[in-house]
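I opened this entry to look up two things.

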Amino acid sequence: MREKLERLRLEAKRKIDEATNEKELEAVRVEFLGRRQGKITQILRNITDLSPQDRPLVGELVNQIKRAVQEDLKRREKEISREEEEEWVDITLPGKKPLLGRLHPITQTLEEIKRIFIGLGFQVVRGPEVETEYYNFEALNMPRYHPARDEQDSFYLDDTHLLRTQTSPVQIRVMEKKSPPIRIIAPGRCYRRDAVDASHFPMFHQVEGLAVDKSITFSDLKGCLTYFVHQMFDKKTRLRFRPSFFPFTEPSAEVDISCIMCKGRGCRVCSGKGWLEILGAGMVDPEVFRKVNYDPEKYQGFAFGMGVERICMLKYGIDDIRLFFQNDLRFLSQF
Ligand code: DAH
């Protein structure tokens, strides 16, 4: 009997120690001390089966064990409630900041350019990055063996297909499909076989612009680009239209802005000149209109093309184009 009781006590202790919460602990209590089925309770109840001289001894023994189990239960109950307390979360502690993604600086610059031109009534259109020679060169008045093709050393895919070297072919695609009035910008990637350095990368972004209507003049081009520069940089930035040449515009100009860094006094960024070139532009060449069956006597238009990386670099004072494509979070997380 003594042995049996001792075994019961050890079993109860083991189960009590194994209980990890109040519910499990209560189940152990019921198993041993429950009023009906409790293992210890039942022994006490059956004590009348024993001979009268054995009863007090066994009764005393069972009560001892009952008390010991009760104490174990109490001890474990305290432990459990302390453990639960320790698990509490202190909600007054400052939270952990999740790492947020952000838009690439080129995307941000593109969005800003789009916002400005949409405000002027321009529509955003896109064209394919794999172009035919016809759209990339010929329709833009750059026939085969035209020297201007050399400046845009291209990635050819086969005899007639290449990765577009400029966004200008989108002008042709739009004019083929629509009649004037036209006001579009065409953002997108361009590709040239340039050696990589601080200002050249074989893939880059341009935004093309085109406006065609019955009485468009060079003044409209100037007004439009001046508004753009003042929005993109600030109202104090000055513009300079420098005569230039593009096969698809006549007259053509390159547009400079007063240096963002030194305000025109001359510094390292503008090589002491005080001016920075930001885009090419001009009046659409009648030859281009003829290619898309527009009557050059009836319609005029202006066009422009700008490099997005260049504008982004000037806006944020970035001195190496390669930073855009290295995916270094130390760089990217600054925008
Ligand atoms: N496509 C020219 C380039 O990549 C940029 C350009 C110049 C676009 C004059 C134009 C323009 O639309 O009128 O160098």
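**Ligand site.** I am working with a predicted model. I listed the shell around the ligand and got 16 residues. Gln-166, Ser-168, Arg-192, Gln-206 and Glu-208 come nearest. I then sorted the shell by residue type: five are nonpolar, nine polar and two charged.

β5 (203-213), β8 (275-284) and β9 (300-307) each supply at least two of its residues.

I looked up distances to oxygen atoms of the ligand. For Glu-208, a polar side-chain atom lies 2.6 Å from a ligand oxygen. For Gln-206, a side-chain N or O atom is 2.9 Å from an oxygen of the ligand. For Gln-171, I found 3.1 Å between a side-chain N or O atom and a ligand oxygen. I also looked up the cover: the ligand has 360 Å² of accessible area on its own, and the protein covers 92% of that.

**Helix α1.** I turned to residues 2-18, which form α1. This helix has 17 residues. Its span from first C-alpha to last is 25 Å, close to the 24 Å expected at 1.5 Å a residue.

Which residues of α1 are buried? I found Leu-5, Leu-8, Ala-12 and Ile-16. Down the axis of α1, the buried residues fall within an arc of 65 degrees, so they line one face of the helix. I noted the general rule too: an α-helix has 3.6 residues a turn, so residues three or four places apart point the same way. Glu-3, Arg-7 and Leu-10 are exposed on the other side of α1.

Key: Residues are numbered from 1 along each chain as its sequence is written. This is a predicted model: local features need pLDDT of at least 70, side-chain atom pairs count only at pLDDT 80 or more; totals for chains, interfaces and linings use all residues. Side-chain values use heavy atoms; hydrogens and water are left out. A residue is near a molecule or strand if one of its heavy atoms lies within 4 Å of it. A polar contact is a pair of N or O atoms within 3.5 Å; within protein, one must be able to donate a hydrogen and the other to accept it, and residues adjacent in sequence count only if both atoms are side-chain atoms. Accessible areas come from the Shrake-Rupley method with a 1.4 Å probe; for residues, only the protein chains shown count as cover. Helices (H or I, at least four residues) and strands (E, at least two) are DSSP runs, numbered from the N terminus. Ala, Val, Leu, Ile, Met, Phe, Trp, Tyr, Cys and Pro count as nonpolar, Asp, Glu, Lys and Arg as charged, and the others, Gly among them, as polar. The expected span of a helix is 1.5 Å times one less than its number of residues. Buried means under 20% relative accessible area, exposed over 50%, partly exposed in between (1.4 Å probe, protein chains only). The arc is that of the directions from the helix axis to the C-beta atoms.
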